[in-house]
Amino acid sequence: MSEVLEVGVDREDEFMYDDDDDMNRIKSNKSRKKKGRGFKDTADARSNEPFESIEDDKGDITGPQKSVEGWILFVTNVHEEAQEDDLHNLFGDHGNIRNMHLNLDRRTGFLKGYALIEYESFKEAQNAIDACNGEELLGQKLTVGWSFSKGNVKAKKSRSKR
């Protein structure tokens, strides 16, 4: 059989505390639970950071608004089978396209019918609007306008055809 080794341990020494200072410190507010990123003392460290914005010197003038990166056009009535190259060939003639975004339908894989095209300068974007608004692409007439505009946009009066 196996032998059992008995070790002499005083039960009083096993759970002995130096002082109650450790327990008081843990229970006090000085050691609070720290959550989240960075464990910073301030409530919101990012509240003092300035946002990127574009300065407005012109006051109450309405019209197109520049985004942070450039001048963005909103192209609607794009045929669902159109490719990025088709739009790039059509709009690339009017200036250097900085960025182009075509949204696809997840279920079908075809275009949703609109595109966002970004130009670096206002003049290039305005030339593209003037030249491509009303152009046909794969049998559909494109509508081209500013993606961002400042102030009230004049709504076209439409008559209901019943």
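Visitor: Which residues of H4 are buried?
Guide: In H4, Ala125, Ala128, Ile129 and Cys132 are buried. Buried means under 20% relative accessible area, exposed over 50%, and partly exposed in between, with a 1.4 Å probe and protein chains only. Helices (H or I, at least four residues) and strands (E, at least two) are DSSP runs, numbered from the N terminus.

Visitor: And where do they sit around the axis?
Guide: They cover an arc of only 100° around the axis, so they are on the same side of H4. The arc is that of the directions from the helix axis to the C-beta atoms.

Visitor: What does the opposite face carry?
Guide: The face turned away from the buried side of H4 carries the exposed residues Lys123 and Asp130.

Visitor: What do the buried residues of H4 pack against?
Guide: They pack against S2, H3, S4 and S7. Contact means heavy atoms within 4.5 Å.

Visitor: Before we go on, what kind of model is this?
Guide: This is a predicted model, in which local features need pLDDT of at least 70, side-chain atom pairs count only at pLDDT 80 or more, and totals for chains, interfaces and linings use all residues. Residues are numbered from 1 along each chain as its sequence is written, and side-chain values use heavy atoms, with hydrogens and water left out.

Visitor: Fine. What comes just after H4?
Guide: Gly134 does, with a positive phi of about 95°.

Visitor: On to H3. Which residues are buried there?
Guide: H3 spans residues 84–92, and Leu87, Leu90 and Phe91 are buried in it. Seen down the axis of H3, its buried residues fall within an arc of 85°, so they line one face of the helix. Asp85 and Asn89, on the other side of H3, are exposed.

Visitor: What does that buried face meet?
Guide: The buried residues of H3 pack against strands S2 (71–76), S3, S4, S5 (136–137) and S7 (143–146), and also against helix H4 (122–132).

Visitor: Now the sheet. What is the strand order?
Guide: The order is S3-S4-S2-S7, four strands in an open sheet with antiparallel pairing. S3 and S7 stand at the edges with a single partner strand each, so one side of each has no neighbour in the sheet. The twist averages 20° from one strand to the next. Two strands pair if DSSP finds at least two bridges between them.

Visitor: How do the helices run relative to the strands?
Guide: H3 lies across S2, S3, S4 and S7, at about 145° to S3. H4 packs on the sheet and touches S2, S4 and S7, and its direction makes about 155° with that of S7. Axes are lines fitted to C-alpha atoms, for helices over the stretch in contact, and angles run from 0 to 180 degrees between N-to-C directions.

Visitor: How many bridges join S3 and S4?
Guide: Six bridges, in the antiparallel sense, between S3 (residues 97–104) and S4 (residues 111–119). Asn99 stands opposite Glu118 in S4, and Leu102 stands opposite Ala115.

Visitor: What about the turn between those two?
Guide: S3 and S4 form a hairpin with six residues between them. In the turn, Gly109 has a positive phi of about 85°.

Visitor: Which residues other than glycine have a positive phi?
Guide: Asn77 is one of them, with phi near 65°. It lies in the loop between S2 and H3, and counts as partly exposed at 37% relative accessibility. Leu138 is another, with phi near 55°. Leu138 belongs to the loop between S5 and strand S6 (140–141), and it is partly exposed with a relative accessible area of 46%.

Visitor: And His79, where is that?
Guide: His79 is also in the loop between S2 and H3. Its side chain reaches the backbone nitrogen of Glu81 at 3.0 Å. Leaving aside neighbours within four places in sequence, His79 is in contact with Leu111, Leu137, Leu138 and Gln140.

Visitor: Last one. How many helices and strands does the protein chain have?
Guide: Four helices and eight strands. From the N terminus on, they run α-α-β-β-α-β-β-α-β-β-β-β. Buried residues make up 18% of the 162 residues in the protein chain.

Terms used:
Polar contact = N/O pair within 3.5 Å; in protein donor to acceptor, adjacent residues only side chain to side chain.
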